[in-house]
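Here are a few notes to go with your first look at this model. Have the sequence and the 3D view open as you read.

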Amino acid sequence: MGTPELPMPDGLVLRPFRGVRFAVEDPAKVTSPPYDLISDAAVDALLDSHPNNVVRLILPRSPRDDSSAKSPAPHRQQEPNQTPSTTSRRPSADVEPASTQQQASAPPTPSGTGLEPRYAKARDTLRAWLDTGVLVPDDVPALYVYEQSGPNVLQRGLIGDVGLADPGQRIILPHEDVMPGPITDRLALMSTTQANLEPIFLLYNGDNGTATRLVDEVASKRRPLVSTHTEDGLRHRLWAITDPAEINAINADLHDRQALIADGHHRYATYRVLQRQEHATHRSAHREQPATTSTARPDATSEAPSSSADVEPAAQMPHPASPSEPQPSSPSENLDLDGKRPIPDVPLASRVSPTSAATGVSGEAGSGRSSGDRSTPQPVVGPWDFGLALLVDSTAYPPNLQAIHRVIPGLPLAEAVAKARGAWRVQDFDDLAQGLAALKGAAEPAFLLAGEGGTHLLTNPDPVQLARAMPPDHSDRWNSLNTSVLTEFVLPKVWGMRDDEQAVRIVHHDTDAALRLAIRTGGTAVLLRPLAVDDVLAVAAGGERVPRKSTSFGPKPRTGLVLRTFAID
């Protein structure tokens, strides 16, 4: 069941917000791919493309390092001799560092005086851009229709504030596990800036409903707020829906549907950790406030967190006058809320009825609190009870699901192949192209090993060894996924290692980049075919999570077209 201290959505809710947008001549030059698809070389290229590129906010650098000798962006590893890419179509150096686990051992200090002043720098940059008109908030709250189009690409969806649901409610379905390192990083950034700077990517079965029809009507008949082309060949267009009747119709259509997190698992987990953090701060402040204390918020220059004395009815949405200063905590203890341990389903009777499409969440019913107990307030809906999201109808606009490859540094290809021969059929190929062609036609599970000296296809695993390795508490569908077989059988049983951030690096999509990294590190690239969309949906609907970094859905939303700040929201 959900956490009683937190407001809970009754269904899938997409609330309008006052978007913050760049006031520049060419919006494309201030946008970027999502933060986790940007190599170090691409960070430099984006910073060179425009002085106000959004990468200054989403991947800030420490002030002492923001010079001509630019330091690596967090959670990136630059590939040598790589042509810088500023697009999301070929994030060929999207390789995780060997370890982000270490970064979760102690929370960052976003005050600007501790370990991570770069987060404070992002906050100060955001405020400066708002003060000088580089960023301008829209006048009224809106849901935004977002279209991406190009050669063989057309995707339309809605950007708005999605109500944060506990996974046990079966409203927003995660399908991948998360790691503490990226959550710690994003938590520090969000809590310091008091903003959602890029949307997560959600898919749902819209069945040509009201929301989908309205999205298509807006994109076909109305004048866009933004129309721009990025270097990947895609055109990006944005429209605002501000009519309350249309917004209510959209939410009525969405209410009983489920959404799958296609991209942004770490950010969604961070949304929920930040939500708990902010509510805990408000509850603590409330207990310390006399009952007669004024409900005014702290002055805009205050360094203290905003007080929870601002207790309002759950149906109302507070609009803080200024961002509160953060007090981030390590999220590792909260990972059970976001899929690290099973969460029981939530009976429908325990959910809270929505108060309106404008807020969409309320305090949880049946919390056991007496209405006369003034010392323990009911949950108050705040901006942190929502997260910026792009919601796409996957039936109208099927996603492009691509593979994510692995590289094991320090495991020579010859050794990897020799150990695999005891459990797999191995076919040898002279070059990568031949191996990839064979992988494409092979029955799953199958893997292509590549590195210095050729490529080798693994097929037809020993059924007895495979059955012993796969966990009996998972479904047959989960156990048949190639990433599950890799995680549970190949890595630990065949090669004697775990699928963690220390031992295994990640490369999105690009087989050539994976091969180069394997050769450079004296290791082995493990190339996979993409999972089937139906398998991912079925696993998520059954309450399971695929192994980390199993899927890469696209096209992903471009960062920087519309931002959300808590103070303006």
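1. A word on terms: buried means under 20% relative accessible area, exposed over 50%, and partly exposed in between (1.4 Å probe, protein chains only). This is a predicted model, where local features need pLDDT of at least 70, side-chain atom pairs count only at pLDDT 80 or more, and totals for chains, interfaces and linings use all residues. Residues are numbered from 1 along each chain as its sequence is written, and side-chain values use heavy atoms, leaving out hydrogens and water.

2. Start with strand 12 (residues 259–263): 5 of its 5 residues are buried, so the rest of the structure largely encloses it. Helices (H or I, at least four residues) and strands (E, at least two) are DSSP runs, numbered from the N terminus.

3. Who sits beside strand 12? Strand 7 (residues 172–173) pairs with strand 12 in the parallel sense over 2 bridges (pairing needs at least two DSSP bridges between two strands), and Leu173 has Leu260 as its bridge partner. Strand 9 (residues 200–204) runs antiparallel to strand 12, joined by 4 bridges, with Leu202 opposite Ile261.

4. Now look at Ser484, in helix 12 (residues 482–494). Ser484 is buried, with a relative accessible area of 0%. Leaving aside residues up to four places away in sequence, Ser484 touches Met470, Trp478, Asn479, Phe489 and Pro547 (contact means heavy atoms within 4.5 Å).
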